[in-house]
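Subject: A structure for you to look at

Hello,

I am passing on the structure we talked about, and I hope you enjoy exploring it. Have a look around first, then read my notes below.

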Amino acid sequence: MAIRVIRDVRMLNLDQPEDDGRYSVVVENGLIREIKEGDLHIDGAEVIEGKGRTLMPGMIDCHVHVIASVANLGTNGRLPNTFAVLRAVPILNGMLRRGFTTVRDAGGADFALARSIEDGVIAGPRLFIAGKALSQTGGHGDFRDRFDNSDPDPCGCCRNLGAIGRIVDGVDEVRKAVREEMRGGANQIKIMASGGVASQTDPIGNLQFSIDEIKAIVEEATSHQTYVMAHAYTSAAIKRVVELGVRTIEHGNLVDDAAAQTMAKAGAYMVPTLVTYDAMMRVGAQVGVPALALEKNEIVRMKGIEALETLKRNNVKMGLGTDLLGDMHEFQNDELTIRARVLGNLEVLRQATLNGAEIIGKQGVLGVVAEGAIADLLLVDGNPLSDISVLTGQGERIDMVMKEGKIIRLR
């Protein structure tokens, strides 16, 4: 791979946000080889002129569903596999062009999809997968309505790619499910630990999976040298699973101080996903989200901003997540704006880079512009520390997207 020098750039340094110097960055073999203040010349290197623009790490979205091309997850789960894959391609490409060079899938994507991106078959962000999310019967991964008595979860060979989860009940079943997902290439395990918005038969306040089932899931994940992420809204659900060893909580809109303190003490992360509730409120009905789901959406939407304040007050680390479905994926970068109103630009940028890298176990390698780190880089027309909107929309002000040293887009 050619040596590239990106010159005359401001560096987004979240530890020294006041730094207004000009730097040159050398990229070679997919890594950042050297960073030098001022100009730098290397014979034969390709030069990218920064012209004083901001160079920052590629962003990390820690909660996506890249195969969710249909907003109604029950319908999405019935898509033929070919449709599910082909519809995922533009979703993945859109994320990359919006500046997300790494994403953590929270249920649905498989190893083949992740490998297709890694091998350059399709364009997309680096993909950390959970395989199928684990749900109890009648839990958040069970999208049957009250009148549907069909088999909730066929054998693995018949399970559609478009289904984000699988149904498992009992300690033996959950142990086997974790082992199957890990054998299939999962990077982390996802469980449904409370009621949800998109599912039809579980109120938000439900606790899901027994204590023994959750213990078994966490034990198996730990044995496989990974961790468990848990869908959970209420304080009761959050405290319960964190005390049982779950490492990241997804959504968490109804968190209170006691649950936040439990998270902080355990070193657990929260991944709020506020933009999905905002998007559902605006366009959910038009894109096929069921009426009951829209009603439940309002219950948690109004509490999302309060949750940010609670988590901040109790020093809980947060990663950036979006959880968008169907045509709503285009609102991904609005999560930055929603959070910045409460937490400020610096903290939100930290969540979208450094904290995200910690969550996926790649601190110092991703989410940072540093010598030896992977060259996932964005060249931005403006300074996101003072104006977060330069990162919003569909990447109109992101002039370069580089992933592992390869230029995805440059203008």
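Let's begin with the largest cavity: 17 residues line it, and those nearest its centre are Leu 73, His 140, Ala 198, His 251 and Asp 323. Please keep in mind that this is a predicted model.

The volume of this largest cavity is about 140 Å³, and a search of the whole structure finds one cavity of 30 Å³ or more. If you wonder how such a space is found, rolling a probe the size of a water molecule over the atoms shows where empty space is left. What kinds of residues make up the lining of the largest cavity? Nine are nonpolar, six are polar and two are charged. Strands β11 (189-192) and β12 (228-234) and helix α8 (274-283) each contribute at least two residues to the lining, and α8 gives the most, with three.

β1 runs parallel to strand β4 (residues 46-49), joined to it by four bridges; one place to look is Arg 4, whose bridge partner in β4 is Glu 46. With strand β2 (residues 23-28), β1 pairs in the antiparallel sense, also over four bridges, and here Val 5 stands opposite Val 26. Strand β5 (residues 54-57) is parallel to β1 and joined to it by two bridges, with Met 11 opposite Leu 55.

Now for the salt bridges. Side chains of opposite charge can pair when their charged atoms come close. The whole structure has 28 salt bridges, and here are some to find.

In one of them, the side chains of Asp 399 and Arg 53 meet at 2.9 Å, N to O. Asp 399 is in strand β16 (residues 398-403) and Arg 53 in the loop between β4 and β5, so this pair links distant parts of the chain, 346 residues apart. Both residues are buried.

Arg 175 and Glu 220 form another, with their closest N and O atoms 2.8 Å apart. Arg 175 belongs to helix α4 (residues 171-183) and Glu 220 to helix α5 (residues 211-223), so the pair ties together parts that are 45 residues apart in sequence. Arg 175 is partly exposed, at 22% relative accessible area, while Glu 220 counts as buried at 6%.

Glu 335 and Arg 339 also form a salt bridge, at 2.7 Å between the closest N and O atoms. Both lie in helix α11 (residues 334-343), four residues apart, about one turn of the helix.

Happy exploring!

Note on methods: Residues are numbered from 1 along each chain as its sequence is written. This is a predicted model: local features need pLDDT of at least 70, side-chain atom pairs count only at pLDDT 80 or more; totals for chains, interfaces and linings use all residues. Side-chain values use heavy atoms; hydrogens and water are left out. Two strands pair if DSSP finds at least two bridges between them. On a 1 Å grid over the protein atoms alone, a cavity is a set of points where a 1.4 Å probe fits but cannot get out, and a pocket is an open set with protein on both sides within 12 Å along at least five of seven lines; lining residues have an atom within 4 Å of a point. Grid points are joined across faces, edges and corners, and a volume is the space filled by probe spheres set on the points. Ala, Val, Leu, Ile, Met, Phe, Trp, Tyr, Cys and Pro count as nonpolar, Asp, Glu, Lys and Arg as charged, and the others, Gly among them, as polar. A salt bridge is a side-chain nitrogen of Lys or Arg within 4 Å of a carboxyl oxygen of Asp or Glu. Buried means under 20% relative accessible area, exposed over 50%, partly exposed in between (1.4 Å probe, protein chains only).
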